[in-house]
Amino acid sequence: MTRTTLTAATLVAALAACGDDNNFPTNSCADVTGTCVQIDGGDVAGLQTTVNTLSPNTTIVLGKGTFAMTNSLTIRAAGVHLIGQGIDATTLDYGPTAAQVNGVDVQGDDFLVQDLTVQDAPKDGIRVEASDGVVFRRIRATWTTPGDSTNGAYGIYPVKSQHVLVEDSRAEHASDAGLYVGQCQHVIVRNNVVTGNVAGLEIENTQYADVYGNTADDNTAGIVAFDLPGNPIVGRDVRLRDNIIKNNNHVNFAPGGTVAKIPSGTGTFAMASRRVEITGNTYQNNNTGDIALISGLVIEPDTTKWELATATIAGTWDDLGLIPGAAPGTVTNYRSEDIVVARNTHMGSGLHPDLADPLQFGVLLILIYATNPVDSVLYDAVGEAMFSSTDPAMNSNTNHICVGGNTGGTFASMNLAEQSASQQVPFFRPAAPFAPFDCTALTGGPIADVVLP
Amino acid sequence: MRRPLGRRGATLAGALAVALAGCGADDAGGGVDLSQPVHVDVTAPPPTKLSAYNLFAWDPATGYTFNPTDERVVPYDLNAPLFSDYALKQRAVYLPAGAAATYQPELVFDFPVGTVLLKNFAMAPDLRTPTVGMRLIETRLLVRYPDGWQPLPYVWNADQTDAELAPAGDFQVIAFTDDAGQARTANYLVPQKNQCETCHARKPTPTAAPAIVPIGPKARHLNRTYPFGGAVGTVNQLDRLAALGMLTGAPATATVPAAYDLRALETGGVAAIPPADLDAAARSYLDINCAHCHDPNAVQGITSQLFLGHDNTDLFRLGYCKRPGSAGAGTGGFEFDIVPGSPDTSILYFRLATETVGAMMPLLGRSVTHTKGAALVHAWIAAMPPVDCAAM
């Protein structure tokens, strides 16, 4: 197979983007099999015309330089690969964009974006929606004004997509989530760095996700997994393993929404989640606490809003033991259940809970712990048949929460339904092995490896 | 993994032709000549000049003249028009000779191959006198090709003599005086070709792949009179299309539903809407401005589970005491989409009224607030019996 040198070269000439090898030092059409177009660094008109007259299965190689974008880069074809010269060499700069758009906005199967930076997008940095086969590799999504609530919402954002790989990338300074995987199936997120965001890395309503080797540093919250109410993709089979989650004490600068309620100093939470493994991670200096296992009732207390008509639910769900809703033919997914927390390392966290969070969770922790460190793993016990602050035998483990084998790790459950800042029920703080939470394996077996095509 | 080249070469050649022609070649054949028929060739790449279609002539002094040949270009208006930064719009439909659209009671009509839906977007320095100094910004075409609708944006030149195909769209800062005498500045975006899907992509069924569809030409929007002039006079648009043989299957106009006519809002503001009509008027406004995304079969907006179509009877999904999924900056610090009786704490109103990028709705096509439209929605929510959403 040879590349279509003539066509690509002619098109480049037609777009007056005269080729210059010095502009393509790292990647060029010479490396590409199939249809390929080179766009000189900064040639916005050439880039936009190319993208809007694109045939499927075209590779676009961007030269060195900064593209001063006045509108989204909108891709609506399958098989498009968008490749720059490196995150420090090729930048799509949306500073000049007045319209309310995402930076790179994609719907198309088999999409790849690699070796470039997207900065100052009005909305999301790179949003890929409803696509099967998505690769983000060595890219950076960032905003040049750290901590600004007018920054865009999500940096790297695959949503409603299948077979997604995000690797070796950076997400910085997003006013919501830096790296946000939403409503996807079959996902690998590895070896990325998320920093300066409100939420560093979020896995939302997603099935079969393997999240490993990432570093979450200096966000409001590090790496989290959760379901939101009413979404037909019930999150399941999520592995958060071998990540570094440290110093996530950034002030919460979200302009609003659910994420604005996250306490600063949060390492990880699993909310309204099931079949989750949180293993082998290193937690350090997260001031409110390292790991919270909580139900979705903290963000939506009305259980009827969590009802899902079984006929509408995506994927396999009937092995999950979801409890029926009040309405016939519905189940609910607000509980967190079937979670293993093991082999993590905890250092220096939980010493300064956030007293400003609107849920007053940090206030509760201060009242309970005073100047002592908050336990490494906190469980809200929502859905448990029994709770006792003192007697292990009077605590149930209905939700199959398994905690143990962590270095420097402690555990508490808290009967959150009865807690408030004005009235506290003492936490249940067992010593290791934390019975009855001393199980070690998920119901239904361990989470399988995610296999991407 | 790259796939073999195959037929892609031909497709790319088509793109190449566009790119080359876009560099200045003039294939229009000398501009519009209304003694000649309309020219639409769905087997060829789209012409780079709008004049090549020969659909209409535009003159600042006399306005629009639609091609009179065979009476196949028919101007029309909608009961409830989409707001686009106060742009002045003129719509028309062209159907090839002998072809007719098929009536649909709810969705957009079925249009035959070769159909052109055109919409001109113009601005004037002072919208209190819109015909003074009016300039065309862009003409958007939806052309029905054998494999579906193609959205084609054409941007008018500085001399206002023709418009050029602009797949990359355009961005213009436009200062004007609005219909209430206020100085406004719009960051006017001519959507790039691929952005047309933001509003025009729709799934035929909840599980089917999305396709490009028109939004306006539905029975309830077209069911109104239009001043066609001449011997025709002012008659119902559906009747006119049927009389020309351009629409089949339409029932008697009196039995066709009609969207609430928002002309009264545009002329008299919300004060001109009788209280008993507030619900119908606001729902009509939300339907045309929001429901192309906020609909169960839309692509964008589905995540919100907020459905603003005229026929949604689920008050929760209409926003009553509904928390948004992940609206971020879009909440304005408020908790519920609609707090009945309390527009100023309702996210829906906040997002319609704000001009903050990242918070405003709709996503595209509006950079300034539609003052009268926002006032209508404000009045609608204010008139609802109050509900304490937080207590529910």
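Hi everyone, one definition before we start: a residue counts as buried if 20 or more other C-beta atoms lie within 10 Å of its own, as exposed if 12 or fewer do, and as partly exposed in between, with C-beta atoms placed from the backbone. Please keep in mind that this is a predicted model, where local features need pLDDT of at least 70, side-chain atom pairs count only at pLDDT 80 or more, and totals for chains, interfaces and linings use all residues. Residues are numbered from 1 along each chain as its sequence is written, while chains are lettered from A and ligands numbered from 1 in the order in which they are written.

Let's begin with helix H2 of chain A, residues 44–51. Six of its eight residues are buried, so the helix is largely enclosed by the rest of the structure. The buried ones are Gly46(A), Leu47(A), Gln48(A), Thr49(A), Thr50(A) and Val51(A). Helices here are DSSP runs of H or I with at least four residues, strands are E runs of at least two, and both are numbered from the N terminus. By that count chain A has three helices and 33 strands.

Now the overall build of chain A. Domain 1 covers 1–97 and domain 2 covers 124–299 + 338–453, with bounds from an automatic or database domain assignment. Their centres, taken over C-alpha atoms, are 38 Å apart. Along the principal axes, the C-alpha atoms of chain A fill a box of roughly 80 × 45 × 35 Å. Of the 453 residues in chain A, 64% are buried.

What about the nonpolar core? That means a set of buried Ala, Val, Leu, Ile, Met, Phe, Trp, Tyr and Cys residues joined through C-beta atoms within 7 Å. The largest has 220 residues, and Ile126(A), Leu376(B) and Val377(B) touch the most other members. Helix H6 of chain B, residues 278–290, gives the most to this core, with seven residues. A second, separate core of six residues includes Val234(A), Leu308(A), Leu320(A) and Leu322(A).

Last, a sheet in chain B. Six strands form an open sheet in the order E3-E4-E6-E7-E8-E9, with antiparallel pairing; two strands pair if DSSP finds at least two bridges between them. Which strands stand at the edges? They are E3 (73–76) and E9 (163–165) of chain B, each with a single partner strand, so one side of each is left without a neighbour in the sheet. Further in, E7 (residues 135–145) and E8 (residues 148–156) of chain B run antiparallel and are joined by eight bridges. Thr139(B), for instance, has Tyr154(B) in E8(B) as its bridge partner.
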